[in-house]
Amino acid sequence: MPRYAIDFITQVVLRADFVPGTVTIHGPLPEGVTAALEGYPERVLLNRPRTEVRVQKTPQGPVRDTRTIQITEHNFWTQGREAHAAVSSEYIYLSRRRYEGYAAVREAFLELSEAMGESFPGLRIRRLGMRYVNEIKLPKADAGPGLGAEFWEHYVNPLLVGGLRFAANDGALARHMCTTELNYGADRATIRYGIFNGEYPRPNRRREFVLDVDAFSQAEMGPAAVAGKLDDYHAAAVQVFEAAITDGLRARMGRA
């Protein structure tokens, strides 16, 4: 896979949602799970509300029962909060703002998921996902002038900038985000791309193009299957990114 001297990844997220009832945490986390997160010195316990809706059949017809459940979430951060991990009875979550390569992210998440599997032998995963958020920022003058399709087609696949051409007015565009969803059965992918504009609803004045790739599976699996799935998701994210950019952007990123 191509390696570049610089990248535009601003966040990478890995998350596993558990089959209800296969993980139960009361009080402190198991020692093995805490050990897997020893590199995260800042720790905070949070109660997060979750709304649960159940539909019950009655002689009078279906009745909706809505209730709010409090989830205890154990949060961990590294110094400077560049990396964040969360553990609860319903999921584990790992997020990094400073990307140091797939191998480091993979190792950290597998260490956590394996520790959970050892602490809770009945653990089953109902959804596993990996998300890469790329914010392609080209503010320097030598990148070229403009904000619309004529500018971005030098760096992004022209097939992804058609909506910018349709807007046809650099001065008025406030936001243009598109979503493509791919369904491979149990494996799925959601690709979001376009001009987000952090100053919305003001007209966009930034040369920033977002490419957000979320690959996931909704098939039930055990912890042993996580490593292979993560490799598949990473390969898919790389493939999408390479198809979405041009040689002009590759030249600016440089080979590692």
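Which element gives the largest share of the lining of the largest pocket? The largest share, five residues, comes from helix 5. The model is predicted, with local features needing pLDDT of at least 70 and side-chain atom pairs counting only at pLDDT 80 or more, while totals for chains, interfaces and linings use all residues. Residues are numbered from 1 along each chain as its sequence is written, and side-chain values use heavy atoms, without hydrogens and water.

The largest pocket has a volume of about 560 Å³. A pocket is an open set of points on a 1 Å grid over the protein atoms alone, where a 1.4 Å probe fits, with protein on both sides within 12 Å along at least five of seven lines; lining residues have an atom within 4 Å of a point. The volume is the space filled by probe spheres set on the points, which are joined across faces, edges and corners. Of the 24 lining residues, Pro 2, Ile 9, Tyr 99, His 234 and Val 238 lie nearest the centre of the largest pocket. Helix 2, strand 6 (125-137) and helix 5 each give two or more residues to this lining. Helices (H or I, at least four residues) and strands (E, at least two) are DSSP runs, numbered from the N terminus.

Helix 2 (residues 102-119) also packs against helix 5 (residues 226-244), at an angle of about 150° and with the axes 10 Å apart. Helix 2 is therefore roughly antiparallel to helix 5 (an angle over 145 degrees). Axes are lines fitted to C-alpha atoms, for helices over the stretch in contact, and angles run from 0 to 180 degrees between N-to-C directions. The contact (heavy atoms within 4.5 Å) includes Tyr 102 and Phe 109 of helix 2 and Leu 230 and His 234 of helix 5.

Notes
Parallel < 35°, antiparallel > 145°, perpendicular 65-115°, else oblique.
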